[in-house]
Amino acid sequence: MQAVPGAPLLNAQLLLGAAALLVAALLLFLYLYRPRLYIRYWILGWSLAAGSSLLLAPSYDSPRIAASIYGLSQFLGITAALLFVISADAYRTRPRLRRSYALIVLPVLIWFALAPLVLGRVAVHGPGHLLMAGGFAAAGLAHLLLLRQTRLLGAALVGAMMLTLAAAHGWWGFNAGGAAGLTGRGAFINLALYLAMALGMQLMSFEDMTYELRMSNRQLESTQEKLRDLITRDGLTGCRNRRYFHEIIGKEVGRHRRYNIPLSLLFVDINQFKLINDTFGHEAGDHVLQRVAGFLVRHVRDADYVFRWGGDEFLILISCRLRQAEEKALDLKEAFLLLHGATVPAGVGLSIGCAEMPLEIGNVMDVVREADERMYRDKRGLPSAQ
């Protein structure tokens, strides 16, 4: 992750290494606050990048030692690039690092440490920069894929800077005999790219935190909705329960008043239900309740409500006038008789009482009681009192 060293450029390499160390320190503080695996790999990558540059900062009297140090610097740069590749994989899942990878890295280390002693700096200059170019290209593409998956702008900036670094190292790799001036520009180009990439990582970490909070809020809202559905729905029949009726009736009555929308109640009772429980047992009674509930839900509109009021009683909130409600009640009773012998025992029927909500209503429960009373009149075969 460094340009070719030369005597006039020691300060540039020192500045480059110090900048990488500063980025690693900032990421370490971020990791202490937000311990994420991908940040850990970032810290390791920047630390090795710092070591890669700082190795080149001093001057070395022996040309052989200087060449060997240069080879080690190149190896650290390659390893840093690979850690940035792993960091992208570690964003969502834990990477599977195998021991066999060490068998691949070890020969590379040996070559970059020993080859310069025999062949000079040229033996590791081109291969080192080209390997770094490949590593940064892979890391950049991996971070851009994160952008596609998570819409994190920080990932886009990190990916773009890594691809730029890949292009720069590729160019330096093909200029093995680079002049001192080119080398100096290379160090400062790296510095500018480092700072932009560090900014992208900070932005990505912040966006990741807000993204996680957003996902947590959505999960919490979903859990609350499921909990609310659980406490407002009858567990046996799947219909809404009396609690839900009291939750929504105010809103429905408000619409009824504001827009003059007709609103009626149908109070439904299952005839002979006690006899079913006493003769066939409560399991059979539960089966009848489920069948009746399913029948009522299928025979009303989606905009209407079916509530299990308690025991074998159901309440239907329907948008229509009293006359249409009474016609609907008659249709329900006739349709229910067709279920005999198929899903419900013979002799089981429905008694239904209807009541309409007046525009100016004081207590909704008065209308419920009115529908209840008319249901009992229907059960006894008496005409509904208007």
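**Note on the predicted model**

1. His 169 sits in helix H6, residues 153-173. Helices here are DSSP runs of H or I with at least four residues, strands are runs of E with at least two, and both are numbered from the N terminus. This is a predicted model, in which local features need pLDDT of at least 70, side-chain atom pairs count only at pLDDT 80 or more, and totals for chains, interfaces and linings use all residues. Residues are numbered from 1 along each chain as its sequence is written, and side-chain values use heavy atoms, leaving out hydrogens and water.

2. His 169 is buried, at a relative accessible area of 0%. Buried means under 20%, exposed over 50%, and partly exposed in between (1.4 Å probe, protein chains only). Its side chain makes a polar contact with the side chain of His 129, at 2.9 Å. A polar contact is a pair of N or O atoms within 3.5 Å; within protein, one must be able to donate a hydrogen and the other to accept it, and residues adjacent in sequence count only if both atoms are side-chain atoms.

3. The largest nonpolar core has 44 residues. Such a core is a set of buried Ala, Val, Leu, Ile, Met, Phe, Trp, Tyr and Cys residues joined through side-chain atoms within 4.5 Å. Helix H2 (37-54) is one of the elements that give two or more residues to this core. The largest share, nine residues, comes from H2. Met 201 touches residues including Trp 42, Trp 46 and Met 162 (contact: heavy atoms within 4.5 Å). Apart from this core lies another, of 29 residues, with Cys 239 and Phe 295 among them.

4. Which residues of helix H9 (273-280) are buried? They are Phe 273, Ile 276 and Asn 277. These cover an arc of only 95 degrees around the axis, so they lie on the same side of H9. The arc is that of the directions from the helix axis to the C-beta atoms. On the other side, Lys 274, Asp 278 and Thr 279 are exposed. Strand S2 (264-270) and helix H10 (282-298) are included in the cover of the buried residues. Just after H9, Gly 281 takes a positive phi of about 100 degrees.

5. Now the whole protein. Its secondary structure comes to 12 helices and five strands. The radius of gyration is 38 Å, well over the 21 Å that the globule rule gives for 386 residues, so the protein is more spread out than a compact globule. The radius is taken over C-alpha atoms, and the rule is 2.2 Å times the number of residues to the power 0.38. Buried residues make up 46% of the 386.

Note on methods: Lists of a residue's contacts leave out its neighbours within four places in sequence.
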